[in-house]
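Subject: Structure handover

Hello,

Here is the structure for you to look over. My notes follow below it.

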Amino acid sequence: MRIFDFAIVACWLSCGTALFAGPVAERDGWIVMPTDMPFDTLVTAVKSATKANGMGVVTEAGPTAMAASRGITIPGNRVIGVFNNDFAVKVLATSTAAMIEAPIRFYVTESPDGTSTLSYKTPSHVFAPYADEGGEELSDLAAMLDQRFAAIADAAVMSSH
């Protein structure tokens with residue numbers, strides 16, 4: 001078993017970044033927006049657009065800096081959690097369980113060519129599992145959030161033009 005473990009590590013070391021996954025692909029309930037923007041520029045644009053659209057950055061996380069501190073180079077990767085208290089109170093009025101999904105996240109990823117992509121799950125997709133409990137009110141809130149998240153995404157990716 002030790003020889004097998006050693007072979008895996010040796011392969012990983014020789015492959016370098018080849019083992020890292022490719023770009024985010026379109027999938028059900030996701031919006032994927034490739035851009036020509038550098039990673040840091042897109043992260044800043046998402047935060048600015050979030051504030052401009054009446055929402056707040058509630059969480060932010062990414063493995064890039066920590067990996068670098070361990071001597072591992074990976075492309076830029078940031079998850080930005082966005083929500084606001086008004087929507088939180090309204091969602092809670094429809095479904096306590098649905099609040100586990102807040103904040104809803106934008107995902108900024110860097111491509112090897114220096115460009116970046118903005119991706120997110122639509123709020124209506126995120127809250128769909130709670131539709132029976134939250135009813136029409138939750139569906140309406142999710143639709144409003146869909147519009148707000150689309151406005152944030154559009155503003156962020158257009159900010160370089």
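Start with Phe 127. Leaving aside neighbours within four places in sequence, Phe 127 is in contact with Phe 83, Val 91, Ala 98, Glu 101, Ile 104, Leu 138, Ala 142 and Leu 145. Contact means heavy atoms within 4.5 Å.

Some ground rules. This is a predicted model, so local features need pLDDT of at least 70 and side-chain atom pairs count only at pLDDT 80 or more, while totals for chains, interfaces and linings use all residues. Residues are numbered from 1 along each chain as its sequence is written, and side-chain values use heavy atoms, with hydrogens and water left out.

Overall layout

The protein has six helices and five strands. These are DSSP runs numbered from the N terminus: helices are H or I with at least four residues, strands are E with at least two. From the N terminus on, the order is α-β-α-β-α-β-α-β-β-α-α. Of the 161 residues, 35% count as buried. Buried means under 20% relative accessible area, exposed over 50%, and partly exposed in between, with a 1.4 Å probe and protein chains only. Among contacts between residues at least 6 apart in sequence, 68% join residues at least 24 apart.

The core

The largest nonpolar core has 33 residues. Such a core is a set of buried Ala, Val, Leu, Ile, Met, Phe, Trp, Tyr and Cys residues joined through side-chain atoms within 4.5 Å. Phe 106, Leu 118 and Phe 127 touch the most other members. Two or more residues each come from H2 (39-52), E3 (77-83), H4 (85-94), E4 (104-110), E5 (116-121), H5 (123-127) and H6 (131-158). H6 gives the largest share, nine residues. In soluble globular proteins, nonpolar side chains tend to be buried together.

Helix packing on H6

Take H2 first. The axes of H2 and H6 come within 8 Å and cross at roughly 135°. That makes H2 oblique to H6. Axes are lines fitted to C-alpha atoms, for helices over the stretch in contact, with angles from 0 to 180 degrees between N-to-C directions. Angles under 35 degrees count as roughly parallel, over 145 as roughly antiparallel, 65 to 115 as roughly perpendicular, and the rest as oblique. Leu 42, Ala 45, Val 46, Ala 49 and Thr 50 of H2 meet Ile 152, Ala 155, Ala 156 and Val 157 of H6. By class, that contact has eight nonpolar, one polar and no charged residues. Ala, Val, Leu, Ile, Met, Phe, Trp, Tyr, Cys and Pro count as nonpolar, Asp, Glu, Lys and Arg as charged, and the others, Gly among them, as polar.

Now H4. The axes of H4 and H6 come within 8 Å and cross at roughly 155°. H4 is therefore roughly antiparallel to H6. From H4, the contact uses Phe 87, Lys 90, Val 91 and Thr 94. From H6, the residues include Glu 133, Gly 134, Leu 138 and Arg 148. The residues of this contact divide into six nonpolar, two polar and four charged.

Two single residues

Gly 134 sits in H6. Gly 134 is buried, at 9% relative accessible area. Beyond four places in sequence, Gly 134 is in contact with Thr 94 and Ser 95. The C-alpha atoms of Gly 134 and Ala 93 are 8.3 Å apart, with the two residues 41 apart along the chain.

Thr 109 lies in E4. At 12% relative accessibility, Thr 109 counts as buried. Not counting residues up to four places away, Thr 109 touches Val 24, Phe 39, Gly 76, Asn 77, Thr 115, Ser 116 and Thr 117.

Best wishes
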